[in-house]
Amino acid sequence: MHTFNNKITTDGIRNGDVVVRKYLSNVGTDISIVIPIRNVSSFIEKFNILMNSISEQLFSRYEVILVNDNSDDDTRNILNSYSQGDCRIKVIDNTSPVGIGNARNIGIEHATGEFIWIIDGDDRLYDKFVQKCHYQKTFRNGINQRKTSK
């Protein structure tokens, strides 16, 4: 049983998306979300919105890689507080600042998912975004596989 926005469901899906849940439960694709971060304290409210929007996603086979680019504020503690609450969240601490591009590359090197999304710390994901993208990808792959196998 899962709780989403104070609604309790037995199948983990809102709005009658049982078919999607059933389809996705048989697929093992992972998605890596890479987020480079430097001095998150300066935009903590937006970062909290981002992290909440990720944790509220119904599709759960994803990982979040937070790359701390040698911040000189309380970023390490903030990121660690998120990773302690969710084993899908990994924190990578750079010992010297490398810049946003290199921080993204470091996150990509640590990614284990089949697909990688790179987003910024002040972005947010809309409801069911991960689920919809994954479903579209697997649905299209199924169609492509059927076309090529004939």
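The questions and answers below go through the sheet, its helices and the salt bridges of a predicted model.

Residues are numbered from 1 along each chain as its sequence is written, and side-chain values use heavy atoms, with hydrogens and water left out. Because the model is predicted, local features need pLDDT of at least 70 and side-chain atom pairs count only at pLDDT 80 or more, while totals for chains, interfaces and linings use all residues.

Colleague: What is the order of the strands in the open sheet?

Modeller: Strands (E, at least two residues) and helices (H or I, at least four) are DSSP runs, numbered from the N terminus. Two strands pair if DSSP finds at least two bridges between them. The open sheet has 4 strands with parallel pairing, and the order is E5-E4-E3-E6.

Colleague: Which strands stand at the edges of the sheet?

Modeller: The order of the open sheet is E5-E4-E3-E6. An edge strand here has a single partner strand, so one side of it is left without a neighbour in the sheet; the strands at the edges are E5 and E6.

Colleague: What does the twist average from one strand to the next?

Modeller: Axes are lines fitted to C-alpha atoms, for helices over the stretch in contact, and angles run from 0 to 180 degrees between N-to-C directions. From one strand to the next, the twist averages 20 degrees.

Colleague: Over how many bridges do E3 and E4 pair?

Modeller: Isoleucine 31 stands opposite tyrosine 62 in E4. E3 and E4 pair in the parallel sense, and the number of bridges is 7.

Colleague: Which residue in E6 stands opposite valine 34?

Modeller: Strand E3 covers residues 31-37 and pairs with E6 in the parallel sense over 4 bridges. The residue in E6 opposite valine 34 is isoleucine 118.

Colleague: How many residues of E4 are buried?

Modeller: Buried means under 20% relative accessible area, exposed over 50%, and partly exposed in between (1.4 Å probe, protein chains only). Tyr62, Val64, Leu66 and Asn68 point one way from E4, and Glu63, Ile65 and Val67 the other way. E4 is largely enclosed by the rest of the structure, because the buried count is 7 of the 7 residues.

Colleague: At about what angle does helix H2 run to E4?

Modeller: E3, H2 and E4 make a right-handed β-α-β unit; right-handed means that, with the strands pointing away from the viewer, the path from the first strand over the helix to the second runs clockwise. Helix H2 (residues 44-55) lies across E3, E4 and E5, and its angle to E4 is about 160 degrees.

Colleague: Which strands does H3 touch?

Modeller: E4, H3 and E5 make a right-handed β-α-β unit. The direction of H3 makes about 155 degrees with that of E5; H3 packs on the sheet, touching E3, E4 and E5.

Colleague: Which residue forms a salt bridge with lysine 90?

Modeller: A salt bridge is a side-chain nitrogen of Lys or Arg within 4 Å of a carboxyl oxygen of Asp or Glu, and a search of the whole structure finds 4 salt bridges. In one of them, the closest N and O atoms are 2.7 Å apart, and the partner of lysine 90 is glutamate 63.

Colleague: Is glutamate 63 buried or exposed?

Modeller: The salt bridge partner of glutamate 63 is lysine 90, which is partly exposed at a relative accessible area of 32%. Glutamate 63 has a relative accessible area of 8%, so it is buried.

Colleague: How far apart are the closest N and O atoms of arginine 76 and aspartate 93?

Modeller: Arginine 76 is partly exposed at 47% relative accessibility, and aspartate 93 is partly exposed with a relative accessible area of 28%. Asparagine 68 stands opposite aspartate 93 in E5. Arginine 76 and aspartate 93 form a salt bridge, and the distance between their closest N and O atoms is 3.3 Å.

Colleague: Where is serine 71?

Modeller: Serine 71 is buried, with a relative accessible area of 15%. A polar contact of 3.5 Å joins the side chains of serine 71 and threonine 75; such a contact is a pair of N or O atoms within 3.5 Å, where within protein one must be able to donate a hydrogen and the other to accept it, and residues adjacent in sequence count only if both atoms are side-chain atoms. The place of serine 71 is the loop between E4 and H3.

Conventions. Contact = heavy atoms within 4.5 Å.
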